[in-house]
Amino acid sequence: MTEEHYNYRTSQSLLHNQFPGKGKLQIPIIPKFQEKSGDFDDLLLIGFDKTHLEDQNHLDRMVHFFLYDYRFERVWKNPDSDIEKLSRYRAVLSP
């Protein structure tokens, strides 16, 4: 990771007060996922680097980011550019 990327990812303006928190340390509360029957039946994974806007064959898969950082670095820099593509898939794991 370059110094520029490290500074961006650890920037106080990015991390501080972005989400409401609880307790003395104001730690944000992430609600527990409420799984419904069938949510993960026959679910297959696809790497972010294998996704394409024109893909029609793998839209029933969950996109994962278990890749080298450089393969999805653009998601950190400009997440809006991939929203349309990712929204077509069944599910997306957070990077």
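Trainee: Which strands form the open sheet, and in what order?
Mentor: Three strands do, in the order β3-β4-β5, with parallel pairing. Strands here are DSSP runs of E, at least two residues, and helices are runs of H or I, at least four residues, both numbered from the N terminus. Two strands pair if DSSP finds at least two bridges between them.

Trainee: And which strands stand at the edges?
Mentor: β3 and β5, each with a single partner strand, so one side of each has no neighbour in the sheet. β4 and β5 are joined by two bridges in the parallel sense, and Val 63 sits opposite Val 92 in β5.

Trainee: Before I go on, what kind of model is this?
Mentor: It's a predicted model, where local features need pLDDT of at least 70 and side-chain atom pairs count only at pLDDT 80 or more, while totals for chains, interfaces and linings use all residues. Residues are numbered from 1 along each chain as its sequence is written, and side-chain values use heavy atoms, with hydrogens and water left out.

Trainee: What's the mean pLDDT of the protein?
Mentor: The mean is 83, and 87% of the residues reach 70 or more. pLDDT is the predictor's confidence in each residue, from 0 to 100.

Trainee: Where is confidence lowest, and where is it highest?
Mentor: Lowest in helix α2 (residues 12–15), with a mean of 58, and highest in strand β3 (residues 45–47), at 95.

Trainee: OK, overall fold: how many helices and strands?
Mentor: Four helices and five strands. Along the sequence they run α-α-β-β-β-β-α-α-β.

Trainee: How much of the protein is buried?
Mentor: Buried residues are 18% of the 95. Buried means under 20% relative accessible area, exposed over 50%, and partly exposed in between (1.4 Å probe, protein chains only).

Trainee: Switching to helix α4, which of its residues are buried?
Mentor: In α4 (residues 80–87), they're Asp 82, Lys 85 and Leu 86. They cover an arc of only 95° around the axis, which puts them on the same side of α4. That arc is taken from the directions from the helix axis to the C-beta atoms.

Trainee: Why do residues three or four places apart point the same way in an α-helix?
Mentor: Because an α-helix has 3.6 residues a turn.

Trainee: What's on the other side of α4?
Mentor: Asp 80, Glu 84 and Ser 87, which are exposed there.

Trainee: And what covers the buried residues of α4?
Mentor: The cover includes β4 (62–64), α3 (73–77) and β5 (91–92). Contact means heavy atoms within 4.5 Å.

Trainee: Now Thr 51. Where is it found?
Mentor: In the loop between β3 and β4. Thr 51 counts as buried because its relative accessibility is 4%.

Trainee: What does Thr 51 touch?
Mentor: Leaving out residues up to four places away in sequence, Thr 51 touches Ile 46, Val 63, Lys 85 and Tyr 89. Its side chain makes a polar contact with the Lys 85 side chain at 3.1 Å, and Lys 85 is one of the buried residues of α4. A polar contact is a pair of N or O atoms within 3.5 Å; within protein, one must be able to donate a hydrogen and the other to accept it, and residues adjacent in sequence count only if both atoms are side-chain atoms.

Trainee: Which backbone oxygen lies 2.6 Å from a polar atom of the Thr 51 side chain?
Mentor: That of Phe 48.

Trainee: Is Phe 72 buried or exposed?
Mentor: Buried, with a relative accessible area of 3%. Phe 72 lies in the loop between β4 and α3. Setting aside neighbours within four places in sequence, Phe 72 contacts Phe 48, Phe 65, Leu 67 and Pro 95.
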